[in-house]
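Here are a few notes to read alongside the model.

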Amino acid sequence: MIVPLLDLTRLDSSVRDQLGATFQRVLHSGQYILGAEVTAFESECAAYLGVKHAIAVSSGSDALLMALMALDIGPGDEVICPSYTFFATGGSIARLGATPVFVDSAPCCYNLDPTAVAAAITPRTRAIMPVHLFGQSADLRPLLDLAAQHGLPIIEDAAQAIGTQYEGRAVGTWGQIGCYSFFPTKNLGALGDAGLIVTSDDALADRLRMLRVHGSRQKYLHEFIGGNFRIDALQAALLRVKLPHLEQAHARRATHARHYTERLIGAGVAAYPVEACVCRHVPREAVTAPLLLPYSCQPHHIYNQFVVRIPGAGRRDAMRSFLTAQQIGTEIYYPRPLHQQPCFAHLPSAPQSLPWAETFAEDSLALPIFPELRIEEIDYVCDQLTAFLQSA
Ligand SMILES: *Cc1c(COP(=O)(O)O)cnc(C)c1O
């Protein structure tokens, strides 16, 4: 059986037809950048997320860059972010001449460790940028407390977490600014690049809208320097087709995650890494198992990725090769943490070592998870995993 990591062509036929009709509508409208489709999409996102302002932009990376620009962050400023994340988190900070200060993640949920954040705050810290990695909220409460204590804004990198709830409210809406991505592999994926910024602050929203069009409110009058961060009308229109199906898609992913979990625990090869939880939500008790499941420290998870860990030198890579031979798609998110990237080697702030980020880079593996994945396919993946883990 061939099980792809992700198959974007497995679309519901009614959605496929709607996307086709939408393409025709935009084609005939003659409006290809910003405009009515974008405004409508922004209102629908604001309503879905429960936030005052939603500003659709060119990509998730640009959303992060714009958030930092809107807060006037630049040379001499430090921004705290995780090392174990997609490159854009740290890259956006460095692009503005500011210094990314990389901190370690919590071993249970792969998200920022609030204690490590507290230890990294200096007089130069200008913002904290948590990431809601793989679709699970970071431990926001202690981060919000820290930020309030030090008068720092929080920019949420919610690129992988549109619709994830934290204490009953969407992630991305807790900090000063929230950023999302519609890269095709995200839970709400465009048919190209696109992103979104949200805020409940009127002045910030105004500034962000101007930043999107080279810092102008009135054509050819530039009050500050922005960029071309515009979204295509086509992407906004296509995303409007998909948005109403998003909650159902999240629910399917969660069902798949439960199925993986039950099958792998049932086979006796997997456990949760609860002994290592630093989020205070679970008791610390030792577990040993060849495969560690993604632990939900938070009650809600939209499973943009289902990332397991296979501890032991070379074990993850051996398992990945085995799965590849069985025609099962997997991916490593992320094989090199940001503090070890060549482009950040010059940073005075680069830490010597971040043990958990380095551990995840060595032992984590993403398994297939997407709404249209079939139960038989998950069973096949679990059978192959079990066969490998029991044979070694
Ligand atoms: C995808 C992603 C981004 C960047 O989004 P793009 O739309 O691809 O630019 C930023 N941060 C994280 C954590 C992501 O997963």
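Which residue forms a salt bridge with R320?

1. That partner is E331, with the closest N and O atoms 3.8 Å apart. A salt bridge here is a side-chain nitrogen of Lys or Arg within 4 Å of a carboxyl oxygen of Asp or Glu. R320 lies in helix α10 (residues 315–325) and E331 in the loop between α10 and α11 (355–363), so the pair ties together parts that are eleven residues apart in sequence. Helices are DSSP runs (H or I, at least four residues), numbered from the N terminus.

2. A word on the source: this is a predicted model, where local features need pLDDT of at least 70 and side-chain atom pairs count only at pLDDT 80 or more, while totals for chains, interfaces and linings use all residues. Residues are numbered from 1 along each chain as its sequence is written, and side-chain values use heavy atoms, with hydrogens and water left out.

3. Both ends of that pair are partly exposed: R320 at 23% relative accessibility and E331 at 29%. Buried means under 20% relative accessible area, exposed over 50%, and partly exposed in between (1.4 Å probe, protein chains only).

4. Now look at R10 and E377, whose side chains meet in a salt bridge at 2.9 Å, N to O. R10 sits in the segment before α1 (13–29) and E377 in helix α12 (residues 375–391), 367 residues apart. R10 counts as buried at 16% relative accessibility, and so does E377 at 4%.

5. E223 and R217 also form a salt bridge, with 3.9 Å between the closest N and O atoms. E223 is partly exposed at 48%, whereas R217 is exposed at 52%.

6. The count comes to 20 salt bridges by this rule.

Definitions and conventions. Helix = DSSP H or I, 4+ residues; strand = E, 2+ residues; numbered from the N terminus.
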